[in-house]
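Here is a short briefing for a first look at this structure. Start with the view below, then read the points by topic.

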Amino acid sequence: MLGAIYQRGTRRSARRHQLGLDLHCSFICLTLFIFQTFPCSKAITVYYQNGENPFLPSPTSKGIAYTGLAAYDPTTLIPPSPPGPSAVPTSFALQVANSVPVAASMPQSGSFFGFSIEMSVVNQVLGKNASVIQVPFLNLMANLKQRIGEVRIRVGGNTQDTATLVSTIADGQMLEKDTENSSNPTQTPPLIYTSELLYMLSNISSLVGIRWFLGIPFNDSSNWRLEIAEQGQAILGDYLIGLQGGNEPDLYAAHQHRPANYSYYDYFGEFASLVAAMDANQNIIRQDLLIGPSIQNIWTPEQVWDTGFVDAFSPNLAYLSVERYPTDNCAAKYPGFNFTLNDPQATFPTFLTHQSSTNLVSSYLNSTAYALSKGKQLVMFETNTASCGGFPGISDVFGAALWGVDYALQMAAVNFGGALFHVGGQNVSYNPFTPPPTNQSTYHQWTVGPIYYSALVVAEALGPTNASQVLDLRANNENQFTPAYGIWENGYLARVVLINFVSDGTGASDLNVDLSIPNVAMPTQVQVKYLEAHSVSQKGDIAWANQTFGAFFDSDGRPKGTEAIQTITCSDYSCPIRIPAPGAALVFLSSSMSSSSDSQPDPVSVTAPMTFSTTVVTKLHNTATVDPGVVATSNGHSGQQFSQEPLLSSSWGSAKSAGYKNIVPEAAFTSVVFWVSFLWSARFAMEIITL
Ligand SMILES: *[C@@H]1O[C@H](CO)[C@@H](O)[C@H](O)[C@H]1NC(C)=O
Ligand SMILES: *[C@@H]1O[C@H](CO)[C@@H](O)[C@H](O)[C@H]1NC(C)=O
Ligand SMILES: *[C@@H]1O[C@H](CO)[C@@H](O)[C@H](O)[C@H]1NC(C)=O
């Protein structure tokens, strides 16, 4: 989003990089300062994804200044010193009521934790087209789907505002930056894309049940381009759950997309024009999918609500939305542009307390309540650790996984209706998952970041019932290092999440919590899953219940290792739960806590996900189509089972396993790379590419 700011002063561009839509300056004063003082001589046009640069430096070994892609930056920071037992009591009692406290949240959807994918990178993250879909992405989504039923993903961002759906692109691509027709060389070239993109989303949904948010281009409100609404609805049907109207309109003036005095009243007027245009369009069946106002923190939400936005457009609004990053790394990312430096080492500890999350939600407490009073939900439509790509050493380490769990559960507790964590390109540090650079895709796999682990934990904490009510338990006398949440399901306490932000390899800062439930007999035992790493600075190899997605370039999207669930024996009065420093524990209370135990889902045993065993390659050699049954057999399913696997069903089957298993022996796939494709009949087939 800062791209436009840079463009203002651009006359000649020596280098072109894409800032992506993930670049958010959180502070208006900073934004305006930069805007006003931008030196023309230093300006650069910033619009290509680094990942598209064919000349990619490799990560260097430690000790040498790293100049490669941010997504693989080896930088680590020093973990904050343990505050010690006087600041953080390590043993405490935690009493949690069995019936739902009045202060608990509304029933939350299991899909609360979703993702926001920048529109310009979907051809890297999701697939080349509807026939070549990224299999690791499918696996990552299948892991979540298995836990919560469906995943919600927004495709959009700043590029959506100037994107145009075209019938074909000359070279057969699905998505391209329209450099040829970019009349003004200082403008970010608009995206052009074909309906193939929508078919790709549809094909992904038919495999892993994703529900999509899209965005209507908002750059030209006198000449609306509504094709994405028309075709999006026609192609995606119920898999399309929202259409964003405007992305960060409070930054339009700063980005020179609107006059300097552009206000929330002007936004209201343009939204009214959009509603009228959609209403007049015979090809748009559903008029109730709009999402707004999606502001950053330049305008306050209250300023928008005070225009009468919600009442005026209520029948058209599916959700209300805001976007927010807690801080930014603009100074490091764009040296020489007078951004205020946020020193990474000094910033790191600010992510490692509960206050990070409570501060972030504090300016939305009015708004979540207001939304509910109007029969709407407020969604955090785009967020992550820090704008301008996040911080190497903060956004990509274990501390961010703990932060993500605390922040998402905090948002759930204060009645946000969902939170979408942003995915940018290769040049950001905060991605939940990153495909390898295109020119390395034949030998590197995906990189799974800490925020993906947060998604897994929150998915299991909320579960699939869409009935989970969340409360910040203010544990340990509201100690900032040891937050805890209770989760009630169908009226009874179902699970408890305990977090320990302290990083202390000696074990001296491990927590010993005496968990008790007043006025009910304690279960004889509870089961616990741990989110663990050696320190908050650890990069890669995070463990969730002993399973991991490895380090950089290590993952095909399936968890590795055998799932480990701890069984803790309780006394008549309490259950002793240990939480390592650092770490998080998800405690599953026995179904005996509920009077109607049948309504409680089995808290631990879960069905193994359907896996898509392979890697997509973009360089194709000797492609050969094979019988899907053969592939299916090698995948550990029988061919028959595989072809019977109901691709359109919401369940991958009913067989219980001991955990989330890695079905496929890794070695079986070292010499072949599969390419998932779909036949016209939408039947599943695979092509094998021999390397
Ligand atoms: C999909 O992308 C692949 C790889 O770029 C290409 O070979 C194939 O022709 C494309 N298919 C369609 C239908 O465009
Ligand atoms: C909006 O974007 C489209 C596509 O990039 C472009 O053709 C059009 O000129 C833009 N309109 C305005 C008012 O900027
Ligand atoms: C998958 O994509 C193809 C286009 O390549 C399209 O014809 C087909 O309808 C899509 N299938 C689904 C289920 O959306």
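Which residues have the most contacts inside the largest nonpolar core? They are F115, L126, F137, M141 and L531, in a core of 128 residues. Keep in mind that this is a predicted model.

**Nonpolar cores**

- The largest nonpolar core counts 128 residues.
- Helix α14 gives the most to this core. The helix spans residues 398-413 and supplies 11 residues.
- M141 is among the residues with the most contacts inside the core. Leaving aside residues up to four places away in sequence, M141 touches F115, V151, I153, V208, I210 and F433.
- A second core is separate and has 31 residues. Among them are A104, A484, W488 and I577.

**Ligand 2: the surroundings**

- Six names make up the shell: T162, T164, P190, N219, D220 and R225 surround ligand 2.
- By class, this shell holds 1 nonpolar, 3 polar and 2 charged residues.

- The side chain of N219 places an N or O atom 2.3 Å from an oxygen atom of ligand 2.
- T162 takes part through its backbone: one of its N or O atoms there lies 3.1 Å from a ligand 2 oxygen atom.
- Ligand 2 exposes 360 Å² when taken alone, and the protein buries 49% of that.

Key:
Residues are numbered from 1 along each chain as its sequence is written. Chains are lettered from A and ligands numbered from 1 in the order in which they are written. This is a predicted model: local features need pLDDT of at least 70, side-chain atom pairs count only at pLDDT 80 or more; totals for chains, interfaces and linings use all residues. Side-chain values use heavy atoms; hydrogens and water are left out. A residue is near a molecule or strand if one of its heavy atoms lies within 4 Å of it. A polar contact is a pair of N or O atoms within 3.5 Å; within protein, one must be able to donate a hydrogen and the other to accept it, and residues adjacent in sequence count only if both atoms are side-chain atoms. Accessible areas come from the Shrake-Rupley method with a 1.4 Å probe; for residues, only the protein chains shown count as cover. Ala, Val, Leu, Ile, Met, Phe, Trp, Tyr, Cys and Pro count as nonpolar, Asp, Glu, Lys and Arg as charged, and the others, Gly among them, as polar. A nonpolar core is a set of buried Ala, Val, Leu, Ile, Met, Phe, Trp, Tyr and Cys residues joined through side-chain atoms within 4.5 Å. Buried means under 20% relative accessible area, exposed over 50%, partly exposed in between (1.4 Å probe, protein chains only). Helices (H or I, at least four residues) and strands (E, at least two) are DSSP runs, numbered from the N terminus. Contact means heavy atoms within 4.5 Å.
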